[in-house]
Amino acid sequence: MITLTDFLVVSAALFCIGLYMTVSKRNAIQILIGIELILNAAILNLVAYGKYDKVNNSGQIFALFAIVLAAATTAVALAIILNVYRRYKTIDPNDINKLKD
Amino acid sequence: MEDFLHSIQSLNYTVAAVALPLFAALINLCLPVKSKAAGWISTIAILLSCVLSARVFATVWNNPQVHAQRIWFTIGETQVYAGILLNNLSVLMLLLVSVIALPVHIYSTAYMKHDDRYSRYFTYLSFFCFSMLALVVVDSLILFYAFWELVGFSSYLLIGFWFTKDKAIQANKKAFIMNRIGDIGLLSAIIILFAQFHTFDIDTIFAGKGLIAQSVIKNGLWIGPVGQIPALWQYVACAGIFLAVAAKSAQFPLHTWLPDAMEGPTSVSALIHAATMVAAGVFLLGRVYPMFTETELTILACIGCFTAFMAATIALTQNDLKRILAYSTISQLGFMILAMGVRAYASSLFHLATHAFFKCLLFLVAGIVIHQMQHIKDDNQLDIDPQDITHMGGLRKKLPITFIAAVIGAVALVGLPFTSGYLSKDGILIQAFDWGERQNGWLKIVPVTALLTSLLTAFYVSRLIFKVFFGELRLLKTNPDIKLHLSDGGWQYKLPLVLLAVCCLFPVFSFNPFYFEHAWLYIGLAHPHFPKLESSYHTIIPRVVTILNLLVLLEAYRMYVQAKRFKFSQNNFFYRLSYNQWYIDNLYKRAIVNPVLRLGSVCFWIDRTVVDGFLQLLARISGAIAKLAAWTDEYIVDGFLHLLAAIVQSIGNFARKFQSGKVQYYLFSMLVIVLLLFILKILI
């Protein structure tokens, strides 16, 4: 029997991996993947807790909603990365430090 | 009324006579140092003083005394008067000093001709004359003390006149210090007299029926008309006076400065250290004479006698021309003190007057001789001491007038008949024997010693004369090829000699050459209450002394001129004692000077190491404290600030790191902070 704890453990693992990727990777695309992993961990939690909701399947529906929004944000993020590449000829976030000002 | 006018006139003349040399000194002080006018200004001033003194003398001598004073200042209830007291004693001294000073001034104009500080010399000389003339006429003990100091001071200036000579500096220091000892005595005597009589007036205290005459010493108290103090103070006052006399008149034990004082110019020695200033001590005795008791006078007589004898024995063997004369002066001053001691008051002052003339004359002669020897030395580039009589001899043909003057002076000093010295010295001897008759025990030695001293005088004077003026010039034996250009010198040399030589003869003092009682000077000074002499000594002593003197002269002539007799051994104890001046200087050097110098160096050491050391220690301590403070300031105060700055800086640096511009870093930071917040939340 798969308990809520199992879901939470997987979700936590996913969150940690995503977080680690976001912080440590040298490639903007990989960071973006890390962010997606974090989002997926959150969505997994949403689905897992949805079981305890008064309304049936509201969690799943909210998760779908979130996945759509995540796709949208990813598209925007990819566009930003593309623009960054155009401007700096690199997508290594360490080299892009103009935010310092 | 006429008397009154006379006295006013006398006072005016006296003031003028005293002030003229002072004006001369002041004018000379303004002249350039080499100005030849100085000599004439001083000489004219002293000539006028001399004339005025003679007028005063003629008016006052053997007339009632003239005494004028006015209030000088008032302290509390005490009024201090200052004024002039003219009696026989003071007018005699006034005349004597100015008359002696005149030839010395004339002589000095020639003698000091080539000196670089000609006008300074006359400034000092005039200043001395002023002080000395004032000293003899003032009526207040305070003024007396002031002028007493001033004559000492001018003497100091003149002894050290050639201040480039080290010996002269030593001599004037010695004279000054010795005189300070006497000054302390005089000052304490004055203080005691004031405490007893509440006045400084010499006339009130010492006059015939003055306060002293009304005082008695009874039951250990000195009872005066205005108060009484323990008798001890009377003795202290007399001792103080004696100390002053001993220092000024060069009596044992304070006599050693006078021979050294001969480092000054010879004309100065003649005026100050033979004729006038050194007689000031005797004059002081004359002024305060009534205060001495019988015992004190006896002590005075003994000391005078001892000094006379000692100085005469020293004079026997000295080779320095001026030193012989200096010791002779000490010896003659001893005679005067002796005379004071044996109550021969008038004889003492009579001898003072006659001695002033013949000793001044002898010094001027010595000056000429030394001057000529110096010429020989300079002309021939010899290395000799121009004052050493062993180089001289045979000068009588070269310096005829000087020779005659010297012989007259010497004969007067020896006291042969027809001279002034005969009158005064026999007076002293006769009265000394008369006094000795009335004493008992060992005091009878005193007159005999005086007689012996008189014979010693004859011997050393004849030795001096024979060695200098007779025989052949000994310098020629050792240096046969030297050239001699000797002469008596100009009228400035001859005139003073003639003047003084005339004054050494008997007619100046008495028309009867054999009886000192007939001398006008003696009659004028003799106190009516002193006993008349009617003893057999009066006839015996002069003859015996004259015969013995002649014998001694003959012996000396045979010894030094004919060189027939044996010479004294120069190795025995007595010769060495005499030659080394009784070792008194050595004794003082060992007993006083060296310990004082040692004390001085100890004090210096203490000053250097202890006092200075303490200060240096303080300095070092404050230096260390300052360094500590600097260290604290630098490392603690500044350090604290630096620490603050460093902390702020490091915090800043730390915070800055987060602003690296790297997105991941921002994210990581946020993560850490959120985690920290959660951890904190759990912990708290």
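**Ground rules.** I am working with a predicted model, in which local features need pLDDT of at least 70 and side-chain atom pairs count only at pLDDT 80 or more, while totals for chains, interfaces and linings use all residues. Residues are numbered from 1 along each chain as its sequence is written, and chains are lettered from A and ligands numbered from 1 in the order in which they are written.

**Chain A, overall.** I looked up the secondary structure and found 3 helices and 0 strands in chain A, where helices (H or I, at least four residues) and strands (E, at least two) are DSSP runs numbered from the N terminus. The C-alpha trace spans about 50 × 25 × 25 Å along its principal axes. Chain A has a radius of gyration of 17 Å, whereas a compact globule of 101 residues would have one near 13 Å; this radius is taken over C-alpha atoms, and the globule rule is 2.2 Å times the number of residues to the power 0.38.

**Chain A, α1 and α2.** I noted that helix α1 (residues 4-24) of chain A packs against helix α2 (residues 28-50) of chain A at an angle of about 165 degrees, with the axes 7 Å apart. Axes are lines fitted to C-alpha atoms, for helices over the stretch in contact, and angles run from 0 to 180 degrees between N-to-C directions. α1(A) is therefore roughly antiparallel to α2(A), since angles under 35 degrees count as roughly parallel, over 145 as roughly antiparallel, 65 to 115 as roughly perpendicular and the rest as oblique. The residues of this contact between α1(A) and α2(A) divide into 17 nonpolar, 7 polar and no charged. Here Ala, Val, Leu, Ile, Met, Phe, Trp, Tyr, Cys and Pro count as nonpolar, Asp, Glu, Lys and Arg as charged, and the others, Gly among them, as polar.

**Where the chains meet.** Chain A gives 9 residues to the contact and chain B gives 9 residues, two residues being in contact if their C-beta atoms, placed from the backbone, lie within 7 Å.

**Chain B, overall.** Chain B has 26 helices and 5 strands. Its radius of gyration is 37 Å, well over the 26 Å that the globule rule gives for 684 residues, so chain B is more spread out than a compact globule.

**Chain B, helices.** I found helix α15 (residues 345-380) of chain B packed with helix α18 (residues 420-438) of chain B at about 150 degrees, their axes 9 Å apart. α15(B) and α18(B) are therefore roughly antiparallel to each other. The contact residues of this pair divide into 5 nonpolar, 8 polar and 1 charged.

**Chain B, strands.** Strand β1 (residues 66-75) of chain B pairs with strand β2 (residues 78-86) of chain B in the antiparallel sense over 9 bridges; two strands pair if DSSP finds at least two bridges between them. H67(B) has L85(B) in β2(B) as its bridge partner. In this hairpin, with 2 residues between the strands, G76(B) takes a positive phi near 60 degrees. I also looked up an open sheet of 3 strands in chain B, with the order β3-β4-β5 and antiparallel pairing. β3 (216-218) and β5 (228-230) of chain B stand at the edges with a single partner strand each, so one side of each is left without a neighbour in the sheet.
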